[in-house]
Amino acid sequence: MGERKGTNKYYPPDYDPKVGGLNKFLGTHALRERARKIHQGIIIIRFEMPYNIWCDGCKNHVGMGVRYNAEKTKVGMYYTTPVYQFKMKCHLCDNHYVIRADPANLDYVIISGARRQENRWDPTQNGQVVPETKETQKRLFDDSMFKLEHGSEDKSTSESAKPRLAKLFNRNEETWSDSYTANQKLRAEFRRKNCEQKGLEEKSRTLSKKSSLDIPLLEENEEDNRIARLLSMKPAKTSEENSVEIRARIVSECLLPSANFSRKRETVAVKILESDKPNLGVVLKRRPTAEEEADVKKAKTNVSLVGDYSSSGDSDC
Ligand SMILES: [Zn+2]
């Protein structure tokens with residue numbers, strides 16, 4: 001034990017009392033190894049598990065009374081009582097438990113790394129038969145009057161517990177009298193679950209193959225489905241981008257009804273007009289420019305240009 005080394009009385013021959021104590025002379029702390037983190041406010045102590053816990057890392061049960069080398073730090077005060085916190089490593093895995101003293105409730109609370117096995121109930125409250133305490137046993141031995149009273153109490157307790165015990169016994173009998181049927185039920189349930197599992201595995205394998213994925217797929221989840229649906233409905237452009245695009249389209253569009261006019265149709269129309277025998281069936285749907293109108297007037301005698309000029313009042317057609 002490191003801390004005992006500080007108390008030995010061996011003074012080396014070169015010891016100089018002017019330096020101070022033996023620890024000062026050796027440049028060591030009285031707690032030796034247990035004080036190696038003293039500059040961080042930590043000392044290392046032996047901590048005994050105050051109750052049964054389950055480790056969060058390896059899921060193992062750790063019994064009450066198992067001892068650990070724990071890092072002890074002071075984390076606060078409860079009135080005038082310091083509150084200490086202990087950090088220790090699980091002896092079965094790499095997980096660390098952090099347990100803090102709770103002076104208000106005369107208890108310890110687990111901060112992280114473990115889960116407490118809850119057995120703080122009073123067994124007499126739910127009708128359990130508990131062994132007598134040492135004091136009662138002593139009194140039963142010494143006090144014959146107490147023994148008599150206690151005996152009658154025990155009898156009444158056993159009488160009141162009889163119907164409940166009978167009910168439990170019958171229930172157990174109902175379930176397990178026909179072991180063949182019970183076994184059949186269990187096996188059927190197991191078979192159903194197995195089939196389900198195989199179906200899921202097959203489905204995920206097909207999906208992985210289809211998407212060339214080399215990762216295990218988890219089961220489908222309603223929340224994931226919902227988020228995926230929302231993502232797929234998400235617009236590719238923002239509302240601002242959309243409004244800019246719509247405005248640009250409106251600006252470039254022709255305001256008149258000849259909206260379906262295109263450059264291609266214009267080229268076709270020009271060709272027809274320039275040809276010697278223009279096809280009269282072509283419909284040129286656009287508002288004519290001043291030049292075009294003049295051309296139309298010129299060619300009026302020869303060509304009948306049919307157009308949608310309903311909006312232009314000055315048109316001759
Ligand atoms: Zn563990």
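User: Which residue in S4 does Ile44 stand opposite?

Analyst: Ile44 stands opposite Glu71 in S4. The model is a predicted one, in which local features need pLDDT of at least 70 and side-chain atom pairs count only at pLDDT 80 or more, while totals for chains, interfaces and linings use all residues. Residues are numbered from 1 along each chain as its sequence is written.

User: How many helices and strands does the secondary structure of the protein chain come to?

Analyst: Helices (H or I, at least four residues) and strands (E, at least two) are DSSP runs, numbered from the N terminus. On that basis the protein chain has 9 helices and 8 strands.

User: In what order do the 5 strands of the open sheet lie?

Analyst: Strands of a sheet pair through backbone hydrogen bonds, either parallel or antiparallel. Here, two strands are taken to pair if DSSP finds at least two bridges between them. The 5 strands form an open sheet in the order S1-S4-S5-S6-S7, with antiparallel pairing. Its edge strands are S1 (43–48) and S7 (107–112), each of which pairs on one side only.

User: How many bridges join S1 to S4, and how many join S4 to S5?

Analyst: S1 and S4 run antiparallel and are joined by 6 bridges; besides the pair already named, Ile45 has Ala70 in S4 as its bridge partner. S4 and strand S5 (residues 81–89) are joined by 7 bridges, also antiparallel, and Lys72 stands opposite Phe86 in S5. Further along the sheet, 5 bridges join strand S6 (residues 96–102) to S7 in the antiparallel sense, with Tyr108 in S7 as the bridge partner of Ala101.

User: Which strands form the open sheet of 3 strands?

Analyst: That sheet has the order S3-S2-S8, and its pairing is antiparallel. Its edge strands, each pairing on one side only, are S3 (61–62) and S8 (114–116). Strand S2 (residues 53–55) pairs with S8 over 3 bridges in the antiparallel sense, and Ile53 stands opposite Arg116 in S8.

User: Is Asn69 buried or exposed?

Analyst: A residue is buried if 20 or more other C-beta atoms lie within 10 Å of its own, exposed if 12 or fewer, and partly exposed in between, with C-beta atoms placed from the backbone. Asn69 counts as exposed because it has 12 C-beta neighbours inside 10 Å. Asn69 belongs to strand S4 (residues 67–78).

User: Which residues make up the largest nonpolar core?

Analyst: A nonpolar core is a set of buried Ala, Val, Leu, Ile, Met, Phe, Trp, Tyr and Cys residues joined through C-beta atoms within 7 Å. The largest has 9 residues: Phe47, Ile53, Val62, Ala70, Met88, Cys90, Tyr97, Ile99 and Ala114. Ala114 touches Ile53, Trp54, Cys55, Asp56 and Tyr97, not counting residues up to four places away in sequence. Of the 317 residues of the protein chain, 5% count as buried.

User: Why does S7 lie largely in the open?

Analyst: The number of buried residues among the 6 of S7 is 0, so the strand lies largely in the open. Helix H7 also lies largely in the open, because 0 of its 14 residues are buried.

User: Which residue takes a positive phi in the hairpin of S4 and S5?

Analyst: Tyr79 does, near 50°, in a hairpin with 2 residues between the strands. In the hairpin of S6 and S7, with 4 residues between the strands, Leu106 takes a positive phi near 50°. Lys59, not a glycine, has a positive phi of about 60°; Lys59 is found in the loop between S2 and S3.

Definitions and conventions. Two residues are in contact if their C-beta atoms, placed from the backbone, lie within 7 Å.
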